[in-house]
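Have the coordinates open and follow along.

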Amino acid sequence: MQRPYNFSAGPATIAPEVLQQAASEMLDWHGSGMGVMEMSHRGKEFISIYDQAQADLRELLAVPKHFHILFMQGGGLAENAIVPLNLCRGGTVDFVLTGSWSQKSCKEARKYASVNIAASDEPNGFTRLPAPGSWKLRRDASYVHICSNETIHGVEFQELPDLPGLGSDAPLVIDFSSQVASRAVDWSRVGLAFGGAQKNIGPAGLTLVIVREDLLGHALPACPSAFDYRTVADNQSMFNTPPTYAIYMAGLIFQWLKRLGGIPAIEARNIAKAELLYGCIDESQFYVNRVARDCRSRMNVPFFLRDESRNEAFLAGAKAAGLLQLKGHKSVGGMRASLYNAMPIEGVKALVAYMREFERSHA
């Protein structure tokens, strides 16, 4: 029997073979007599899981040796505070506002640093990305923050900005919560990347932080020890008990991605899925996507019925067809289909078929 297709924006769908492997190992991991949730985080069994997950992620994302991979907790929302506590050095931080998540990050950073809004697309309803050449960057900024993919508004940077080319020497911080492991990262342009795991990397509870070596050791005195990147790095993410089961699940997903052919293969699949769904929307007189085409997200596709009085009927029919979690975020309304790595192209084909049939019967 076919499982329903889950288009949730997060926590999100996980590949069935990963879930099946986790289920088979639930009571006894590799003959250890323990499930992963029962293991000491300092025991040799879990250390082997942790080391493999670290190595696989570094290989998948081609993370350079001078970057540390930290497995933390608190999600992207906590990192909105932890990043300025570690990097602002009491100075000014540049923000580019492209949607709800960069707005949240900016609001939180104001508690710890002086904030400069370098650019914002809020007047346009966050339907496009401000051209980097228009950004008003501060020469004395401690870092520049962007959200590389806005989960709610559905805009995505197709290329990371070249800050030195824009006259800034500040490191680039990216919130890649809903983009991580879906495409390659140009690490030559990044100082720090962070993201909650619950979209492409597994269950909620794990937060990834990938940070350049020279950015460690500058935390404000008020920064809690467990959130000081230097402390976390020096203790191999085990200064406090890490989210062990979420790390294990992430490790299974990294292995699954490697079996598929790594980031180039999953990126090609993600492009095909996005093109299929956007093509359906664009050729329709019934649905609309309001994001500029060169800024559209591959991961999160918001769309609207032109006659929104049909929204509830659309969602009820979708659920009956095994297409789940398509309701848009409450702040913007409409619909949203999240096409994360684990969403197969068959799920997108089923959604497109349903959308076309719904249009035929209700137009």
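## Salt bridges overall

Searching the whole structure turns up 18 salt bridges. Please keep in mind that this is a predicted model. A few of the pairs are worth a look one by one.

Take D140 and R138 to begin with: their side chains form a salt bridge, with an N to O distance of 3.0 Å. D140 has a relative accessible area of 48% and is partly exposed. R138 is partly exposed too, at 36%.

## Two bridges across the sequence

R298 and E267 are joined by a side-chain salt bridge of 2.9 Å, N to O. This pair links distant parts of the chain, since R298 sits in the loop between β11 (287-288) and β12 (300-305) while E267 belongs to helix α7 (residues 262-282), 31 residues apart. Are these two residues buried or exposed? R298 counts as buried because its relative accessibility is 15%, under the 20% limit for that class. E267, with 18% relative accessibility, is likewise counted as buried.

E283 and R356 make another salt bridge through their side chains, at 2.7 Å from N to O. E283 is found in the loop between α7 and β11 and R356 in helix α9 (residues 345-362), so this bridge ties together parts that lie 73 residues apart in sequence. Here E283 is exposed, with a relative accessible area of 54%, whereas R356 is partly exposed at 32%.

Now for the nonpolar side of the picture. In soluble globular proteins, nonpolar side chains tend to be buried together. The largest nonpolar core of this model has 63 residues, and within this core the residues touching the most other members are L61, F71, W135, W187 and Y248. Which helix gives the most to this core? The answer is helix α6 (residues 244-260), which contributes 11 residues.

Which residues does Y248 contact once its neighbours within four places in sequence are left aside? They are Q21, A22, E25, W29, V36 and I49.

Key:
Residues numbered from 1 in each chain as written. Predicted model: local features only at pLDDT ≥ 70, side-chain atom pairs only at ≥ 80, totals over all residues. Heavy atoms only, no water. Salt bridge = Lys/Arg side-chain N within 4 Å of Asp/Glu carboxyl O. Buried < 20%, exposed > 50% of the residue type's maximum accessible area, 1.4 Å probe, protein only. Helix = DSSP H or I, 4+ residues; strand = E, 2+ residues; numbered from the N terminus. Core = buried A, V, L, I, M, F, W, Y, C linked by side-chain atoms within 4.5 Å. Contact = heavy atoms within 4.5 Å.
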